[in-house]
Amino acid sequence: MRTSLLVAALGLALAAALPGGAPLAQPDPEATMDRSLLQRQDLPYRFSAVDLDSVDGQRHYRLWLGRPLQAPPAAGYPVVWMLDGNAAVGALDESTLRRLADGDAPLLVAIGYRTPLRIDRAGRTFDYTPASPGQADQRDPLNGLPSGGADAFLDLLRDGMRPAVAAQAPLDTARQTLWGHSYGGLLVLHALFTRPGEFARYAAASPSLWWRDGAILGERAGLEQRLRALSGPTAGGPKVVIGVSGGLDSTHALIVAAQVMDRLGRVWVVAVLLSVVSAAFLALPLAGTKGELLAVALVMSLGNGLGS
């Protein structure tokens with residue numbers, strides 16, 4: 001249970017540091033990746049990289065592997081697969097890594113792209129979105145970029161990325177988590193609905209449920225039958241975590257923030273945002289139960305929504 005809480009805390013910290021999931025909150029396309037953590041030698045994790053390409057040769061990935069210093073368990077390391085890996089690496093911090101290492105530390109695999117940028121907009125748009133049936137030209141409704149490559153990406157993760165990582169460190173195949181935020185959260189839900197046996201945990205932070213008018217929710221059909229058919233380590237179904245910040249970011253918090261900005265100006269919104277998010281980050285290391293972690297998540301997502 002401790003490992004589950006630590007993984008949830010990791011996901012919460014990453015979600016707070018990454019761009020919002022609402023369609024209005026787009027990541028800065030020119031922001032560069034923060035690599036400062038990768039070179040540090042005073043942390044309980046050491047980072048290395050593995051490169052590989054998509055099957056069609058159009059996308060070029062770099063997997064950032066964060067390996068705990070302690071020896072792996074007999075069954076191998078539990079694994080957290082993090083989408084938007086370039087941004088996820090930059091969102092990690094020393095306190096989070098030390099908390100993860102204090103116990104059954106997971107291997108961290110940040111699935112990034114071979115670019116100096118924090119976000120590969122074209123890559124994530126294609127890789128993280130499901131195909132739309134009946135459409136000859138698969139284009140994202142928000143940015144117009146090619147979309148619909150989710151299944152090809154998940155196949156590559158299973159058949160290419162996982163073996164490549166296993167060649168670097170022993171993996172516990174029964175304890176693997178897929179984490180994603182925004183479009184990445186959309187992909188996590190697609191993976192859960194269509195291939196629920198490939199991960200033990202699915203963590204979707206602020207998933208883009210708005211995408212194509214909620215088309216992802218239609219994929220739930222038949223999920224119960226697919227769960228019943230599971231056997232082996234995932235028998236009984238995976239554990240699912242869906243971040244609460246999406247609803248707060250894109251509805252009430254945005255309305256409140258807009259009203260405050262209209263009346264008092266941007267400075268008041270920024271002041272409230274920094275105060276609320278800072279308080280949540282200070283409380284995060286003290287959250288030792290699921291209820292406490294949920295409370296911190298609600299506060300953090302409210303602050304994130306005010307800043308959207």
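Contact here means heavy atoms within 4.5 Å. The model is predicted.

Start with the helix pair α5 and α6. Helix α5 covers residues 150-166, and helix α6 covers residues 183-194. On the α5 side, the contact involves Ala150, Asp151, Phe153 and Leu154. Their partners in α6 are Leu187, His190 and Ala191. Angles of 65 to 115 degrees count as roughly perpendicular, so α5 is roughly perpendicular to α6.

An α-helix has 3.6 residues a turn, so residues three or four places apart point the same way. Leu187 is in the contact, and so are His190 and Ala191.

Next, α6 by itself. Is α6 enclosed or open? The helix is largely enclosed by the rest of the structure, because 11 of its 12 residues are buried. The buried residues include Leu187, His190 and Ala191. Tyr183, Gly184 and Gly185 are among the others.

Now turn to strand β1, residues 45-53, which holds Ser48. Buried means under 20% relative accessible area and exposed means over 50%. Ser48 has 36% relative accessibility, so Ser48 counts as partly exposed. Leaving aside residues up to four places away in sequence, Ser48 touches Leu63, Trp64 and Leu65. Arg67 lies 19 residues from Ser48 along the chain, with 8.2 Å between their C-alpha atoms.

Definitions and conventions
Residues numbered from 1 in each chain as written. Predicted model: local features only at pLDDT ≥ 70, side-chain atom pairs only at ≥ 80, totals over all residues. Heavy atoms only, no water. Axes fitted to C-alpha atoms, helices over the stretch in contact; angles between N-to-C directions. Helix = DSSP H or I, 4+ residues; strand = E, 2+ residues; numbered from the N terminus. Parallel < 35°, antiparallel > 145°, perpendicular 65-115°, else oblique. Buried < 20%, exposed > 50% of the residue type's maximum accessible area, 1.4 Å probe, protein only.
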